[in-house]
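Keep the viewer open as you read.

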Amino acid sequence: MPIFNQSIRRKIVGIALGLIVLMLVTSILSMVMSSQVGVLLDELTNRYIPAYSHLARANIHSLERGLALRRMVMTRMEAPSDEEAYAARLREFEESDRKIEEDAEASRKLINAIIDDPRTYSDNAALGRIDIRIETAVVELRRDLSEDHAKLLKQVDARQMTEARGTLEHIDVLRDQFNRKVDAIRSDMLTQVFFSTSQVVGRQHQAIIISGVVTLLAAIVGFAFALLVSSGITRPVRLLLAGTREVEAGRFDKPITVSTQDEIGELAAAFNRMIEQLRHNERIRETFGRYIDPKVVQGLIDRPEVAIDGERRVMTIMFCDMSGFTSMSEGMTPRGLVKVMNHYFTVMSAPVRNNRGVIDKYIGDAIMSYWGPPFIEEDEQALLAGLAAVEMVDQVPALQKQLPDLLGIRAMPALCDLRIGIATGEVLTGSIGSELMMSFTVMGDAVNLASRLEAVNKIYGTRILISQATADAIGSQLELREIDRLAVAGQSAPQAIFEVMARPGALTDAQASLRTHYVEGLAAYRAQRFDDARAAFNAALEAIPGDGPSRTMLDRIAQFAADPPQAGWDGAWRLEQK
């Protein structure tokens, strides 16, 4: 609205005009003070110092005049007399005499100009006395020397050397008297120069102090004025900033109160409405976050085209199932079963979330989750899935102790355990479903293989089985053991499957011995050296009695004793045989 725009404009223009006025006042005072200092400095440089210089030159010309007089006498006394040289010396003498009067007159003019200038605070009485003394000295010099100069020239022309020498000495005395008078006048003039200099310096210091004080006062007044005017703007802006930070931190329960009637007041009202809407959206997100993984929700918000079009990506899929669930659930009430399952899912979902995995769905007592772009980098997905599986298995002993307490019984009718299958491969990601309901999920051979590997744990008596591609991606970052080659229906070639035994470097001596003997037995088994394979697997069982894969392989070898493998046997176990 125009009134709001004008309100803000008035505040800003008011601050600007106030600061401009203060700046102009400060500038004018500085200019006035600077002009006064400039006048004094001009008087010093253009009058005092030149006047003093003219007096100094009058002294010099007096000495030059005496020297020219002596040269003129000496030229006249030469035999034969050089009239041309004598005329030149006479001109030098007369020129020096004229310059003395010119310098004295120039000095007097400058002194009188200082006296007549009302802009400066000079000592006019002292300067008047100096002016009179200069005039008197020049008049007396001219009066005393005129007669002696004429007498000297007559004596020189008459060759009266003795009389000429006496006259010359008398002229020197008069000249020395004149120079002493000029020196005294110069000394007094120098005092006036120093006085003027001190005035310039004092005025300059005074101008600096006054300018500094005025500037400081202007700054204080300007700051107070700006603070007074701008506080009505900055205070609500700070409230808006604080509210924005609260929103940035995810807190939507603190609306702001702004009493101004300008644009900022309108902005505050709009901000409060936005907070209310965000609070409503957050409640929706929190509600659906319990049904859909928050990472998926955020990913769909950032890139909605993925949900519509779908993408093919290399991902790592995990299936986790609770063994013994059927027998355990038979004796439970529905309320107790829901309580147990919720606790089980809570405990087992934490390692997936902690290792940046995405929980796709809960299927009965099974958990399906996956790792991969755009949620994490492709080169770390297999390791994170393996670490999550190890952490889930680590939770089993504590879970077995917690379940009876949840149900209020002394012991569970059957012990629960985990079976985990992990596979890595290309899958299709996108929203699958009907027009009424959609689910963002993954599909493909890797998903099927992970599900089958979870079930194959029953055959080998293992907890965590992973595919060949997953094992290749993990490398030596986890302790792995190759279990067998598995031929899955729908795949053309069998592939090796591996057991995740522990974190890197965490194998016990017994586990290390087990793995060594098992590898030897597996190699002999594939080479159809069944006696050697039987011995190796038995040695593995001696290291860890009850090892499921070793017992499974010994059972197969026993079957082959009655029904040997056919020609072309590749040592792979075909899943459809189970």
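Predicted model: local features only at pLDDT ≥ 70, side-chain atom pairs only at ≥ 80, totals over all residues.

Residues are numbered from 1 along each chain as its sequence is written, and side-chain values use heavy atoms, with hydrogens and water left out.

The side chain of D394 meets that of R503 in a salt bridge, at 3.1 Å from N to O; the term asks for a side-chain nitrogen of Lys or Arg within 4 Å of a carboxyl oxygen of Asp or Glu. This pair links distant parts of the chain, since D394 sits in helix α10 and R503 in the loop between β8 (495-502) and α14, 109 residues apart. R503 is also partly exposed, at 34% relative accessibility. Helices (H or I, at least four residues) and strands (E, at least two) are DSSP runs, numbered from the N terminus.

Now compare a second pair. R481 forms a salt bridge with E499, and their closest N and O atoms are 2.6 Å apart. R481 belongs to strand β7 and E499 to strand β8, so this pair ties together parts that are 18 residues apart in sequence. Are these two partners buried or exposed? R481 counts as buried at 2% relative accessibility, and E499 is buried too, with a relative accessible area of 13%.

D532 is partly exposed at 43% relative accessibility, and R529 is partly exposed at 41%. Elsewhere, salt bridges that share partners join D321, R419 and E454 into one network. The count of salt bridges comes to 15.

With those pairs in place, step back to the whole chain. It has 16 helices and 9 strands, and 41% of its 578 residues count as buried. Take contacts (heavy atoms within 4.5 Å) between residues at least 6 apart in sequence: 70% of them join residues at least 24 apart. The chain exposes about 31,400 Å², and carbon and sulfur atoms supply 57% of that area, as computed by the Shrake-Rupley method with a 1.4 Å probe.

What lies inside? In soluble globular proteins, nonpolar side chains tend to be buried together. Here the largest nonpolar core has 41 residues, of which Y344, M348, I420 and I466 touch the most other members; such a core is a set of buried Ala, Val, Leu, Ile, Met, Phe, Trp, Tyr and Cys residues joined through side-chain atoms within 4.5 Å. Helix α10 (residues 381-394) gives the largest share of this core, 9 residues. Apart from it lies another core of 36 residues, among them Y370, A446, A524 and F530.

Leaving out residues up to four places away in sequence, Y344 touches C320, D321, M322, D365, L399 and L418. In helix α9 (residues 334-354), the buried residues include Y344, F345, V347 and M348. The 21 residues of α9 reach 30 Å from first C-alpha to last, close to the 30 Å expected at 1.5 Å a residue, where the expected span is 1.5 Å times one less than the number of residues. Just after α9, R356 takes a positive phi of about 65°.

Strand β1 (residues 311-323) has 10 of its 13 residues buried, so it is largely enclosed by the rest of the structure. β1 pairs with strand β3 (residues 366-371) in the antiparallel sense over 5 bridges; pairing requires that DSSP finds at least two bridges between two strands. In β3, Y370 is the bridge partner of I317.

Finally, turn to helix α16 (residues 548-562). Its 15 residues should span 21 Å at 1.5 Å a residue, and its end C-alpha atoms are 22 Å apart, which agrees. Among the buried residues of α16 are M553, L554, I557 and F560. The cover over the buried residues of α16 includes α12 (445-460), β7 (479-487), α14 (509-526), α15 (530-543) and β9 (572-574).

Technical notes. Buried < 20%, exposed > 50% of the residue type's maximum accessible area, 1.4 Å probe, protein only.
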